[in-house]
Amino acid sequence: MKPAPFRYIAARSLDEALAAKVQHGEDARFLAGGQSLVPAMNFRLAQPTVLIDINALAELGGVRRDAHAIRIGALTRYYQLEADAHVAAHQKLLGEALPHIAHPQIRNRGTLGGNLAHADPASEMPALVLTLGGRLRAKSATGERWIAADDFFVGALTTALAPDELLAEIELPNLPARTGTCFMEVARRRGDFALMGVAATVTLDPDGRCLETRLGYCGAGDRPLLATEAAASLVGGNVTASDIDAAATLAQRAIDPSGNQHAAIGYQRHLAGVLTRRTLQSALLRARQSAGHA
Ligand SMILES: Cc1cc2nc3c(=O)[nH]c(=O)nc-3n(C[C@H](O)[C@H](O)[C@H](O)COP(=O)(O)OP(=O)(O)OC[C@H]3O[C@@H](n4cnc5c(N)ncnc54)[C@H](O)[C@@H]3O)c2cc1C
């Protein structure tokens, strides 16, 4: 398949990329890893008249960290995140989820920013950024703003980015002490999009009681979702197996899967229940280990 004709602009600076977007508006698309955009163009599902290639913009790449957060440039590729020692040591949820994305060849090109801007509801990273309480820096020719992950994903393949905005950076707060995390998904084959995926974080107080839990889902609606009531049900107690079962039931009710050719809605809800239980058990165990209670 071949794409419809388009003009190609290789941006040499961020200012040039942003000015080109102002000039060409919704007809123009930024080209990052090309792993979603190019197939969509080849199938003529997307027909931008202008492609603004941002791959040469080194300022959009790389991982930075400070005392409070990790900041990931939008052009950082999945394989760079997989290889980053800080991510491996301190953002284990990310490290656990990254290998589920497609295949190594796609992870060599695909970027975190491209993935989040594409906003596929079955995609792992939007659910993770939401679960981790991240925020995203959008830049335009006239300024910049931070958007909370809660507000960034507004529907299937739709974000809060304005037509003249580029996603520049993703910030993930450092995890509190005594926190355990876990990501699991079910896909038909390794590398396929998830039929259901669940990210869980559990933070304990010094006495081993649950201080905070977050539960995020991919493949569970028209955007990544949090099961807030299910997560809140665990707070304040010494979490037991029956507490986890009850939270999983609440989570099954909270999600809104639409089903697809590979999974009926009922099967997706079943998966959400199983994965909620398993990710919570694992995150809790890891939290207890990090607190010295296991
Ligand atoms: C066979 C196959 C299997 C896959 N499996 C999975 C999977 O299991 N899980 C998963 O999550 N993904 C999967 N993907 C998609 C992959 O993760 C893509 O890399 C990702 O969705 C898009 O990232 P990209 O850098 O390639 O973006 P591109 O394809 O270059 O761009 C995607 C969209 O985002 C826009 N965009 C890109 N960067 C920016 C930016 N900085 N600011 C604003 N807009 C921007 C583009 O204009 C375009 O509209 C798969 C892809 C393939 C081909």
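## Close-up views of a predicted model

**View 1. The shell around the ligand draws on helices and strands.** At least two residues of this shell come from each of E2, helix H2 (37-42), helix H7 (112-118), helix H8 (124-131) and strand E10 (166-173). Helices (H or I, at least four residues) and strands (E, at least two) are DSSP runs, numbered from the N terminus. H7 gives the largest share of the shell, five residues. Gly 33, Gln 35, Gly 110, Gly 114 and Ser 123 come nearest among the 28 residues around the ligand; a residue is near a molecule if its C-beta atom, placed from the backbone, lies within 6 Å of it. Sorted by class, the shell holds 15 nonpolar, 11 polar and two charged residues. Here Ala, Val, Leu, Ile, Met, Phe, Trp, Tyr, Cys and Pro count as nonpolar, Asp, Glu, Lys and Arg as charged, and the others, Gly among them, as polar.

A word on reading these views: residues are numbered from 1 along each chain as its sequence is written. The model is predicted, so local features need pLDDT of at least 70 and side-chain atom pairs count only at pLDDT 80 or more, while totals for chains, interfaces and linings use all residues.

**View 2. Three strands make an open, parallel sheet.** The order across the sheet is E1-E3-E2, with strand E1 (7-10) and strand E2 (28-31) at the edges, each pairing on one side only. From one strand to the next, the twist averages 25°, an angle between N-to-C directions on a scale from 0 to 180 degrees, with axes fitted to C-alpha atoms. Strands pair if DSSP finds at least two bridges between them; E1 and strand E3 (residues 50-53) are joined by four, and four bridges also join E2 to E3. Look for Val 50 in E3: Arg 7 stands opposite Val 50, and Ala 28 stands opposite Val 50 too.

**View 3. Strand E2 has buried residues pointing both ways.** In a regular strand the side chains alternate between the two faces of the sheet. In E2, Ala 28 and Phe 30 point one way while Arg 29 and Leu 31 point the other way, and all are buried. Buried means that 20 or more other C-beta atoms lie within 10 Å of the residue's own, exposed means 12 or fewer, and partly exposed is in between, with C-beta atoms placed from the backbone.

View 4. Leaving aside residues up to four places away in sequence, Ile 54 touches Ala 11, Ala 17, Phe 30, Leu 31, Ala 32, Leu 60 and Leu 75; contact means C-beta atoms, placed from the backbone, within 7 Å.

**View 5. Helix H8 is mostly covered.** Eight of its eight residues are buried, among them Glu 124, Pro 126 and Leu 128. Gly 133, with a positive phi near 70°, follows H8.

**View 6. Two loop residues have a positive phi.** Most residues other than glycine have a negative phi. Ala 119, in the loop between H7 and H8, has a positive phi near 55°. Ala 119 counts as buried because it has 23 C-beta neighbours inside 10 Å. Arg 178, in the loop between E10 and strand E11 (179-186), has a positive phi of about 60°. With 20 other C-beta atoms within 10 Å, Arg 178 is buried.

Key. Contact = placed C-beta atoms within 7 Å.
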